[in-house]
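Subject: A structure for you to look through

Hello,

I am passing on a structure that I would like you to open alongside this message. Please keep it on the screen while you read, and look up each residue as it is named.

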Amino acid sequence: MTATYEKLMAYPIPEIRQTLTRRDTMLYAASIGLGQDPMDEGQLRFVYEKNLLAMPSMAVVLGYPGTWLAHPDTGVDYVKVVHGEQGIVLHKPLPVEGELIGKSRVTGIIDKGEGKGALLYSDRDVIDAKTGDLIATTTSTTFMRGNGGIGGPGCPAKPVHAIPERAPDAVVSLTTRPEQAVFYRLSGDYNPLHIDPGVAAKAGFPRPILHGLCTYGVVCHALVKALGGYDPARMKAMDGRFSSPVFPGETIVTEVWKAEGAFRAKVAERDIVVVNNGKAVFA
């Protein structure tokens, strides 16, 4: 099958009903590195059942419909798909347990032309199944490198958040663990690129890479620490652009400009930017 603008815009992404447990909440937090310092009470609030809190970035795994773009009927060349940007909007603090519904939809496509790929924008609402309350909305940009020329009227491109030219106001360094991708995939992303050396080699990497959304979670941790004093209820939104992969075991250094809510993240060992043009909103 061939991907077309009309087909993807109308694609029926499965609605997901999920039972979230306190164990799931703690596992997610541990998988993005919370709890590495057992004496850090700020981190322990996310991995200890006593007065448990949910890290805001957990929204990206709630009501997750799986790799629907990989289904043959989409016509998308999934091998050439790259996750370009990720955002979250928190309408209220995430629950640590409960019944949730995820409703996903394609919101726009920008065709860059034959041989140049296309951008696909999608949203997901995370809803409390019991009350019907909207808890969070996630936004995602997917670069379909193998599907340029699919047509359509296009849509406005997402704005690029500028990074200030002055020195950052805060810098948070968080070291990932060598086995971190092994734990992160238990939150629902089983792409073998992150665990199978053979698959990683075919993709051009010397070893499995960390999930982009795990990197996103590590950066969220840094922001909650730097801007929220480990109070996740203060985060209202977070948006960033992926620019390079992280290898498990590397140190992610997040630079924060407080007045603008701007951020970017680098890998210390290779001095390379991995998340750029970030914007965070805190109360």
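Below is what was found in it, taken one region after another.

Please bear in mind from the start that this is a predicted model.

I begin with the interior. In soluble globular proteins, nonpolar side chains tend to be buried together. The largest nonpolar core here has 53 residues, and the members that touch the most others are Leu 94, Leu 223, Met 235 and Met 238. Helix H6, which covers residues 212-228, gives this core its largest share, namely ten residues. If you select Leu 223 and set aside residues up to four places away in sequence, you will find that Leu 223 touches Gly 228, Met 235, Met 238, Thr 254, Val 256, Phe 263, Ala 280 and Phe 282. There is also a second, separate core of 14 residues, and among its members are Ile 13, Leu 69, Val 76 and Ala 118.

Six of the eight residues of S7 are buried, so the strand is mostly covered. S7 runs antiparallel to S2, to which five bridges join it, and in this pairing Gly 87 stands opposite Asp 239 of S7. S7 also runs antiparallel to strand S10 (residues 272-282), this time with six bridges, and Met 235 has Phe 282 in S10 as its bridge partner.

The aromatic residues deserve a separate look, as the structure holds four aromatic pairs. One of them joins Tyr 11 and Trp 68, whose ring centres are 5.2 Å apart and whose planes meet at 25°, so this pair counts as stacked. Because Tyr 11 lies in the loop between helix H1 (5-9) and strand S1 (16-20), while Trp 68 lies in the loop between helix H3 (41-44) and strand S2 (81-90), the pair ties together parts that are 57 residues apart in sequence. Tyr 11 and Trp 68 are both buried.

Now turn to helix H2 (residues 22-31), where you will find Thr 25. Is Thr 25 buried or exposed? Its relative accessibility is 0%, and therefore Thr 25 counts as buried. Leaving out residues up to four places away in sequence, Thr 25 touches Leu 20, Phe 46, Leu 52, Leu 53, Ala 54, Met 58, Pro 95 and Val 96. Within H2, the buried residues include Thr 25, Met 26, Tyr 28, Ala 29 and Ser 31, and the buried residues of this helix pack against S1, helix H4 (180-184) and H6. After H2 comes Gly 33, with a positive phi near 105°.

Another threonine, Thr 138, lies in strand S5 (residues 134-144), and since its relative accessibility is 4%, Thr 138 counts as buried.

Finally, please compare two asparagines. Asn 51 has a positive phi, near 55°, although it is a residue other than glycine, and a positive phi near 55° is found for Asn 277 as well. Asn 51 has its place in the loop between H3 and S2, whereas Asn 277 is found in strand S10. With 63% relative accessibility, Asn 51 counts as exposed because the cut-off for exposed is over 50%; Asn 277, at 16%, counts as buried because the cut-off for buried is under 20%.

Best wishes

Conventions. Residues numbered from 1 in each chain as written. Predicted model: local features only at pLDDT ≥ 70, side-chain atom pairs only at ≥ 80, totals over all residues. Heavy atoms only, no water. Core = buried A, V, L, I, M, F, W, Y, C linked by side-chain atoms within 4.5 Å. Buried < 20%, exposed > 50% of the residue type's maximum accessible area, 1.4 Å probe, protein only. Helix = DSSP H or I, 4+ residues; strand = E, 2+ residues; numbered from the N terminus. Contact = heavy atoms within 4.5 Å. Phe/Tyr/Trp six-rings, centres within 6.5 Å; stacked < 30°, edge-to-face > 60°. Pairing = 2+ DSSP bridges.
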